Amino acid sequence: MARPPHESFDLDHLRRRVARGLMRLLFGTPAQPSGEPLPRRGIHRILVCHVSHTLGNALLLTPLIQELEATWPGAQIDIVTRSQVGRELYGHYDRIGQVFQLPAHGFGHPRQWLRGLRGMRKAHYDLAIDVDPQSQTGRLLLLKARATWTLGFSGPKKSGSVTHAIEVPEHVQSKGQRPVYLLRQALGGIAEADYPVPDIRLDEAERAQGRRVLERVLATTPAAAQHGKVIGVFANATGPKLLGTDWWNPLLQTLEQLRPDCRLVEIVPMSGRSMLDSHYPGYFSTDLRQLGGVLANLDGYLSLDCGIMHLACASRVPTLGIFTTTRADEWGPYGPSNHVIHAYGLAPEAVARELAARL
């Protein structure tokens, strides 16, 4: 099986090295693994420190929220995050309390940082969790919070003492599963049951609205083409993951030949411009929950690795994630009906054949 290209040295790598050095000076050596499990009772206020601002990372935090709700069903969960859509994504979870939204990029907005820090420091938490195996900002936020128990990964890339430190697992690479693994190990290494799947908890009204909108979108197609499975296609991505119409056109043409029972609908990106020359019926929304409601009514969804792929998975539509550069074991959709397409170095026609088989 082909592997994605090796990631080269970049500015983010240098920034993390500098941050690790500063954290060592401030807080000493990395935390050591703990021997005592977290208590099953007496935890009522929980803080989760999540520093990534990307949509995909924000959605991949929802499995941990589900695990926390199942472990301490009466506890309130606060989240401090750099995601600017955190309240939108987590607001339908019953036990979510405060979502402290920090600026997305660095410390360019000190007042917003101070508001978030003051908000989380007002509470005395029973448990604070730093979910990232590398980020020093997440560990700093955890150390600034007032918490009886603190939980985070240990290792050479993390500094600052916590009451419960867990070694970074090599056998669990998924960004959605690692925080759940962290919690399970801190509770005493319980047997590895199935991991929760990302979920934004769409309600029936949101799904019904999405169904009505999708029906109107499909009504624009000829009557003869208004039958069969409806497959959403999102052709946008960031950086080296982005592929143009010279890749997408042969893929979709081949897919239509192999699966004439499927109808394609383009999910138009935030730019408001079709990535497929408006060849297919299109749906556009800047509201993530409205978009999720439409995605939930599809029979399937396919795209390259991107934030909308994770939104589709979290909207509970069968999701096919195509991976050409990034690591599928880290970022791939998982759970029933979700599949990873390893497309490293493959021609688009070959990718289409794999998609057709999965659909």
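1. The crossing of α10 over α11 is right-handed, where a crossing is left-handed if the near helix is turned anticlockwise from the far one by less than a right angle, and right-handed if clockwise. The axes here are lines fitted to C-alpha atoms, for helices over the stretch in contact, with angles running from 0 to 180 degrees between N-to-C directions. Helices (H or I, at least four residues) and strands (E, at least two) are DSSP runs, numbered from the N terminus.

2. Before going on, a word on what you are looking at. This is a predicted model, in which local features need pLDDT of at least 70 and side-chain atom pairs count only at pLDDT 80 or more, while totals for chains, interfaces and linings use all residues. Residues are numbered from 1 along each chain as its sequence is written, and side-chain values use heavy atoms, with hydrogens and water left out.

3. The axes of α9 (residues 245-258) and α13 (residues 348-358) come within 8 Å and cross at roughly 40°. These two helices are therefore oblique to each other, and their crossing is right-handed.

4. Now look at α3, residues 62-71. Of its 10 residues, 9 are buried, so the helix is largely enclosed by the rest of the structure. Buried means under 20% relative accessible area, exposed over 50%, and partly exposed in between (1.4 Å probe, protein chains only). Among the buried residues of α3 are L64, I65, L68 and E69.

5. Which residue forms a salt bridge with E69? The partner is R201, with the closest N and O atoms 3.3 Å apart. A salt bridge is a side-chain nitrogen of Lys or Arg within 4 Å of a carboxyl oxygen of Asp or Glu, and by this rule the count comes to 13 salt bridges. E69 is buried at 14% relative accessible area, whereas R201 is partly exposed at 27%.

6. Most residues other than glycine have a negative phi. S278 also has a positive phi, about 55°, although it is not a glycine. S278 is found in the loop between β8 (262-267) and β9 (282-283), and it is exposed, with a relative accessible area of 56%.

7. Another salt bridge joins E330 and K175, with the closest N and O atoms 3.7 Å apart. E330 lies in α12 (residues 328-331) and K175 in the loop between β6 (164-167) and α7, so the pair ties together parts that are 155 residues apart in sequence. E330 is buried at 16% relative accessible area, while K175 is partly exposed at 28%. Close to this theme, the side chains of D329 and R327 meet in a salt bridge of 2.7 Å, N to O. Salt bridges that share partners join K175, R327, D329 and E330 into one network. D329 is partly exposed at 38% relative accessibility, and R327 is partly exposed at 32%.

8. How many aromatic pairs does a search of the whole structure find? It finds 1. The pair is W247 with W248, edge-to-face, at 5.1 Å centre to centre and 90° between the planes. Rings of Phe, Tyr and Trp (its six-membered ring) pair if their centres lie within 6.5 Å; planes under 30 degrees apart count as stacked, over 60 as edge-to-face and the rest as tilted. Both W247 and W248 are buried.

9. One more ring to visit is that of Y195. The charged end of R184 sits over this ring, 4.8 Å from its centre; the rule asks for NZ of Lys or CZ of Arg within 6 Å of the ring centre and within 35 degrees of the ring normal.

10. Lastly, find S161 in the loop between β5 (146-154) and β6. S161 is exposed, at 53% relative accessibility. S161 and L143 are 18 residues apart in sequence and 8.2 Å apart in space, C-alpha to C-alpha.

Key:
Angles under 35 degrees count as roughly parallel, over 145 as roughly antiparallel, 65 to 115 as roughly perpendicular and the rest as oblique.
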